[in-house]
Amino acid sequence: MFNIERWQEIFEAISKNKLRTFLTGISVASGIFILVILLGVGQGLQNGIEKQFERDAAGIIEVWSGTTTKEYKGLNPGRQIQFRNSDYELSVQKFGDGLDKKSATYNQWQGLVTYGKESGNYQYRGADADYQFIENATMIEGRWINANDVANTEKVGVIGLKMKQDLFKDKSPIGAEVTLNNINFKIVGVFSDPGGEREETRIYIPLTTMQKAFGAGDKVSVLFYTLKKKENYDQALAEAEKFEKELGAMLRSKNTIAPDDDSAIGVHNSVRDAKQFYDLNLYIRLFFWWVGICTIIAGVVGVSNIMLIIVKERTKEIGIRKALGAPPISIIGMILHESIFITTIAGFVGLLMSLLLLELAGPNIDSDFFLNPSVDFGTALTTLFLLVFAGALAGFFPAYRAAKIKPIVALRDE
Amino acid sequence: MIEIKDLQKSYKMGSSQLHVLKGINFSVGEGELVAIMGSSGSGKSTLLNILGILDEADSGSYRLDNVAIKNLNETVASKYRNKFLGFVFQSFNLINYKNALDNVAMPLYYQGIKRTARYELAMQYLEKVGLASHAHHLPSELSGGQKQRVAIARALASNPKVLLADEPTGALDTKTSYEIMELIQGINDEGKTVLIVTHEPDIAAMCKRNVVLKDGVIIDDKLVEQVRAVTHV
């Protein structure tokens, strides 16, 4: 393929037919540009949605208690159910092998937190060491509550980023003492939560400390579990549903509740939501692939069209060249060589422009459902080669026909 | 140089057949300057196209420089055209985006001659037709006569055995026509075989032999006293 004479001939043709070259290049470059931008936007949407549903994606099973609505074993409806440590311990004892993370919590909605002159009302919650993973919180400074804190009922607390900004401004809160409803707590960590600001205005303390310091005895409010990872989604869902059913049955029987009383004990299985999340992600991906494929087809049709016009326009030139002794193979070679050269260069320009745009504009887009748009470079290259190949193929047939027609027919073409 | 026997050619025009050449017997020796004459539709251009391997006869034999021209594929045909033949057309058929020098160098490109040698040779032929000063002009910047000179230089560049000219003066005024004929006579004087298709008697008179076609057959073939074009210019 490397024939310097042929290259010179092609560069000459390109440099003397600037408009034709320019138009071919523009259409190829814009095709690639639009395609890559679309794929990038699709990825951005996908990333955004993934982030939005990040917590649910983990597949958490939440259990809470309410009031009974059904008479059972001589007990009247309307009875308030309160979980105790024993409920949680029993569940861990029974299902412990299948659990990945677990935590019991005890929640209070309003607590006065004071640091120096700053103070505010915040939600405070007693939790275990695993709870960080259930909440999907990321440590910005310091650490989460650990098993030791829970065992020794340490008066330590972990606060959300928003709360830290309210109370501490720019200072580091690690090691600082705050008062929570007049009891001193030492801050050991700051977290950020994908759930947003609402979840970042909380202070977490060890569950045992919570129960002891605020007179909750052995009460717990909500139990959280995640199951060990399974091979695939269907298996995970089946396992989660089995766990959900057995756990519900166990807790109902322990607390003397009718087996079908869903309001006395509520279970939320977000593994089911994860299915919707996976589906949504799949639909987004399919949609953008579909749009992308349509764009490629449009690009291929465009390039083919241009090739047809170029060959048509050059029919007479082809006739002249043949009369002067050009063999058909050299005619086909000339046209394809030129078209591949132009589409490759133009395609790369389009590719670079679109990647540049994604790189520059991507981080500046601030939206809940759009995050970090990007394109896999390999995918982009593949589409580029697909387009170049399709262009060459589209150019081949008219070029082949033009090379086959008799020179006198070609020469007659005006 | 050229030997044809019982050449037949017909075209399909829709459902009917148009018999254009009805058995042509004709030979041309080396160094001849032949005018092929006839009114339009007489088959003279078809004959020239067949001689130029731009078209193929239905039957009959054609030998060019003792090589049988029969059932050639396009690749071989183009090789023979490049090696044996030079073409001059009525409408010049220069490639409009290439300058005069590039146009002349083109048949040499297809002969596989290297770039530097190609341009040197092309320049020599442009000098020969008196257009060395216009080497870098595009065809659109040249007059009709100049374009035809470039076309002649291009036809000669590959050093063909035979020069075939299809109405070379058809698009030119009388004075320019004679200048072109003077050039062609000069080329013939150097020993090159030249065939010209024309319907103009004054152009035919400047050749050495006149062949007249009518309705697909040769009705007259005679040697003539050549009129030198230089006397008219």
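Start by selecting chain B: of its contacts between residues at least 6 apart in sequence, 68% join residues at least 24 apart (a contact means C-beta atoms, placed from the backbone, within 7 Å). This is a predicted model, where local features need pLDDT of at least 70 and side-chain atom pairs count only at pLDDT 80 or more, while totals for chains, interfaces and linings use all residues. For picking things out, residues are numbered from 1 along each chain as its sequence is written, chains are lettered from A, and ligands are numbered from 1 in the order in which they are written.

Stay on chain B and colour by secondary structure: there are seven helices and 10 strands (DSSP runs numbered from the N terminus, H or I of at least four residues for helices, E of at least two for strands). Of the 233 residues of chain B, 47% count as buried, that is, with 20 or more other C-beta atoms within 10 Å of their own C-beta, placed from the backbone.

**Stop one: the six-stranded sheet**

Select the open sheet β6-β7-β8-β3-β9-β10 of chain B, whose pairing is mixed (two strands pair if DSSP finds at least two bridges between them). β6 (85–88) and β10 (217–223) of chain B each have a single partner strand, so one side of each is left without a neighbour in the sheet. Direction ignored, neighbouring strands here are turned by 15° against each other on average.

Now zoom in on β9 (residues 209–214) of chain B: six bridges join it to β10(B), and the two run antiparallel. Click B:Leu213, and you'll find its bridge partner B:Ile218 in β10(B).

**Stop two: the four-stranded sheet**

Next comes the open sheet β2-β1-β4-β5 of chain B, with antiparallel pairing. At its edges stand β2 (16–28) and β5 (67–68) of chain B, each with a single partner strand, so one side of each lacks a neighbour in the sheet. Strand β4 (residues 59–64) of chain B is joined to β5(B) by two bridges, and B:Leu64 has B:Val67 as its bridge partner in β5(B).

**Stop three: a helix pair in chain A**

Switch to chain A and show α4 (residues 85–95) with α10 (residues 233–254): their axes come within 11 Å and cross at roughly 140° (axes are lines fitted to C-alpha atoms over the stretch in contact, with angles from 0 to 180 degrees between N-to-C directions).

Which residues of α4(A) meet α10(A)? Show side chains for A:Asp87, A:Leu90, A:Ser91, A:Lys94 and A:Phe95; they meet A:Phe243, A:Leu247, A:Met250, A:Leu251 and A:Lys254 in α10(A).

How values were computed
Buried ≥ 20, exposed ≤ 12 C-beta atoms within 10 Å, placed from the backbone. Contact = placed C-beta atoms within 7 Å.
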